[in-house]
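Here is a short report on aromatic rings and their partners. Please look at the model first.

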Amino acid sequence: MEAVRRELIYIWYYFSVQFEQIFGWWVLGMTIGSAVSVFAKDTIHRAFRSLQGKRLGVLGVIAASALGIASPLCMYGTIPIAASFSKGGMKDDWLAAFMMSSILLNPQLIFYSAALGGTVLAVRIVSCFLCGVAAGLLIRLFYQDRPFFNFTGFDEPKNRDTDPNLILRYFKNLWRNVRATGLYFLLGVLLSALFQRYVPAEAVTALFGGNEALGVLMAATIGVPLYACGGGTIPLLQQWLWDGMSIGSAASFMLTGPSTKITNLGALKIVLGVRRFLLYLVFVLAFSLATGLVVNLLLA
């Protein structure tokens, strides 16, 4: 019994230390993310709609990817809003760029990811942006004369931020964000504490850092089943990076995780169909692996 009590004290110590280190970043992500969602979301989406009909070529793909990162929507909101864009005549390559980067990153996650340090944050933003650009360019190259998406059955999402009082509207959105991510945040901190207590740092280095190519591959692979919510993975990534995980492996994990989130794949399969859905998975894994290797090479 005394041994169990001692282990619980150790785990609580690790939990409390990391909670104090990362809680402020989580709160910052929540507050900024809700502000963007309530006060800037419509402006961002209008900016994307305004691209329609303009002869921007590849520049349209670049702009779409940037606006996708700025959009505060998660996967469930991104697909319906993309359906409305498609019905309005938006090009599939621009839609692909917007959807891909929006799935990977949003303002809330950007500020929360700052807890990982400036270098990792920069790598995350740039890699997610380039992933969106790459998706758009591939659609432009191989599906220029054929439709890639099938949004049948998807309607524009209902706007839940409708309270006439702006302050109440903001706090209602903030409370929804806290409810959606709070449990995952606490679970992530707990898992990080368990890693600190029971997994030697040398094991993390050997798995995700020592052999860089294998580490990137392992990170890309483990991101598929492990990722549930950005709020849960940031504490884990912070601990893994401290224990020797390479930044390239972290980048790979941050790409495969949100893009293959289990709860999102069903909706993607409907929109893409089986064959294009498989192409999507191959693209995500290949891009994340290549990104991790390049990042490790550049930062060696």
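What follows covers ring pairs, then charges over rings.

This is a predicted model, where local features need pLDDT of at least 70, side-chain atom pairs count only at pLDDT 80 or more, and totals for chains, interfaces and linings use all residues. Residues are numbered from 1 along each chain as its sequence is written, and side-chain values use heavy atoms, with hydrogens and water left out.

A search of the whole structure finds 20 aromatic pairs. Rings of Phe, Tyr and Trp (its six-membered ring) pair if their centres lie within 6.5 Å; planes under 30 degrees apart are stacked, over 60 edge-to-face, and the rest tilted. Two of the pairs are shown here.

| Pair | Type | Centre to centre | Between the planes |
|---|---|---|---|
| Tryptophan 26 and phenylalanine 185 | stacked | 4.8 Å | 10° |
| Phenylalanine 85 and phenylalanine 98 | edge-to-face | 5.7 Å | 85° |

Phenylalanine 85 lies in helix 4 (residues 75–87) and phenylalanine 98 in helix 5 (residues 92–104), so this pair ties together parts 13 residues apart in sequence. Helices are DSSP runs (H or I, at least four residues), numbered from the N terminus. Both phenylalanine 85 and phenylalanine 98 are buried, meaning under 20% relative accessible area (1.4 Å probe, protein chains only).

Tryptophan 26 counts as buried because its relative accessibility is 8%. Phenylalanine 185 is buried too, at 1%. Ring pairs join Trp26 and Phe185 with Trp12, Phe15, Phe19, Phe23 and Tyr112 in a cluster.

Charges also meet rings. The charged end of arginine 146 sits over the ring of tyrosine 143, 4.3 Å from its centre. Arginine 197 lies over the face of tyrosine 10, at 3.9 Å from the ring centre. Such a charge has NZ of Lys or CZ of Arg within 6 Å of the ring centre and within 35 degrees of the ring normal.

How values were computed: Buried means under 20% relative accessible area, exposed over 50%, partly exposed in between (1.4 Å probe, protein chains only). Helices (H or I, at least four residues) and strands (E, at least two) are DSSP runs, numbered from the N terminus.
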